[in-house]
Amino acid sequence: METAQSQLTQPVLELRKVGKAFQSGRLFAPRKVVVAAEDVSFGVRPGECVALVGESGSGKSTLARMILRLEEPDRGQILLHGEDVLETERRGASLSYRSRVQMVFQDPFGSLNPMHKVAYVLERPLLRHGRIDSQSLRSHSLKLLDTVGLRPAQDFIDRRPYELSGGQRQRVAIARALAVEPEILVADEPTSMLDVSIRMGVLQLLADLKKTRKLALLLITHDLASARFLADRVLVLFRGRVVEAGASDDVILDPKHPYTQALLSAIADPDGGRRLQSTVQGSPETEVTTANTGCPFAGRCADVHEVCYREDPRARRAGAQEVRCHLYPEAGA
């Protein structure tokens with residue numbers, strides 16, 4: 001029989017060997033298969049933040065859309081508290097699932113209807129999910145605004161989105177997601193469209209929610225600095241594959257995969273110290289795109305070997321991380 005402590009360590013949400021591919025191509029041109037997710041597996045536990053990091057086109061947003069049931073995976077499992085929702089909810093996500101898995105979108109300008117006041121934005125999910133009676137709507141909405149740092153809440157509840165700053169809009173969007181008391185929050189680049197001066201405030205808010213509410217967080221970002229601040233673990237994605245995974249400090253301070261090193265080389269060092277030398281060469285067009293022809297990163301890697309073009313590397317240990325790269329020996333090899 002499981003103890004309460006063991007239940008806390010179990011993932012709220014877990015992906016097992018999730019795969020997704022799209023076909024692309026113009027009229028009368030050969031179609032190409034674009035791999036958005038290739039055997040992606042990870043879990044997010046209560047009070048934990050996992051960051052999915054990678055450049056544009058790496059598959060981060062597609063994974064988020066599959067978790068939210070806006071896209072269906074070609075294969076694999078998506079488990080909520082151990083239950084495969086792809087099997088139990090074949091016709092799409094139920095209202096219960098949507099209340100337990102919420103999202104904060106990248107664009108705080110486009111995610112809120114400019115015609116509606118903040119009160120309407122917060123009251124609608126409360127009513128739709130039957131969280132509270134109509135007499136308590138306003139007082140509960142005020143509490144939500146206070147929770148996300150919009151104080152005094154009375155000054156914000158009757159405003160429309162265009163009367164708010166970008167940071168205030170994003171806090172309203174977070175309050176809307178919290179209204180239905182989710183167990184996991186998917187944050188898709190939540191600070192990328194905000195001024196640098198207010199990004200830290202939103203990240204600190206998410207960190208506080210993770211700690212005080214034991215909220216599971218999945219952070220989608222290209223910014224390794226934000227990932228290090230907020231995330232407990234980092235998964236680096238390249239062309240739909242997790243090429244490196246580990247504790248955030250391990251991945252960011254001691255990156256093993258050449259692609260992770262390249263991402264870090266693009267971060268400015270505020271202390272003026274030595275930056276990593278990027279090992280990336282060529283362009284995305286030089287990457288391997290055909291299945292089973294080798295490592296997808298081989299065409300852009302400066303430390304490439306013949307085996308890299310022949311075999312797609314399996315995951316293996318490299319220091320404290322798990323990495324998919326032929327530069328590191330497989331266990332028992």
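The model is predicted: local features need pLDDT of at least 70, side-chain atom pairs count only at pLDDT 80 or more, and totals for chains, interfaces and linings use all residues. Residues are numbered from 1 along each chain as its sequence is written, and side-chain values use heavy atoms, with hydrogens and water left out.

**Helices H5 and H7**

- Helix H5 spans residues 118–128 and helix H7 residues 166–178; helices here are DSSP runs (H or I, at least four residues), and strands are E runs of at least two, numbered from the N terminus.
- The axes of H5 and H7 come within 8 Å and cross at roughly 20°, where axes are lines fitted to C-alpha atoms, for helices over the stretch in contact, and angles run from 0 to 180 degrees between N-to-C directions.
- H5 and H7 are therefore roughly parallel (angles under 35 degrees).
- Val118, Val121, Leu122 and Pro125 in H5 meet Val172, Ala175 and Arg176 in H7; contact means heavy atoms within 4.5 Å.

**Arg316**

- Arg316 lies in strand S11, residues 316–318.
- Arg316 has a relative accessible area of 6%, so it is buried (under 20% relative accessible area, 1.4 Å probe, protein chains only).
- Residues that Arg316 touches, not counting those up to four places away in sequence, include Gln321, Cys325 and Tyr328.

**Ala93**

- Ala93 is found in the loop between helix H3 (85–88) and helix H4 (95–100).
- Ala93 is also buried, with a relative accessible area of 17%.
- The C-alpha atoms of Ala93 and Leu70 are separated by 8.5 Å, and the two residues are 23 residues apart along the chain.

Conventions. Angles under 35 degrees count as roughly parallel, over 145 as roughly antiparallel, 65 to 115 as roughly perpendicular and the rest as oblique. Buried means under 20% relative accessible area, exposed over 50%, partly exposed in between (1.4 Å probe, protein chains only).
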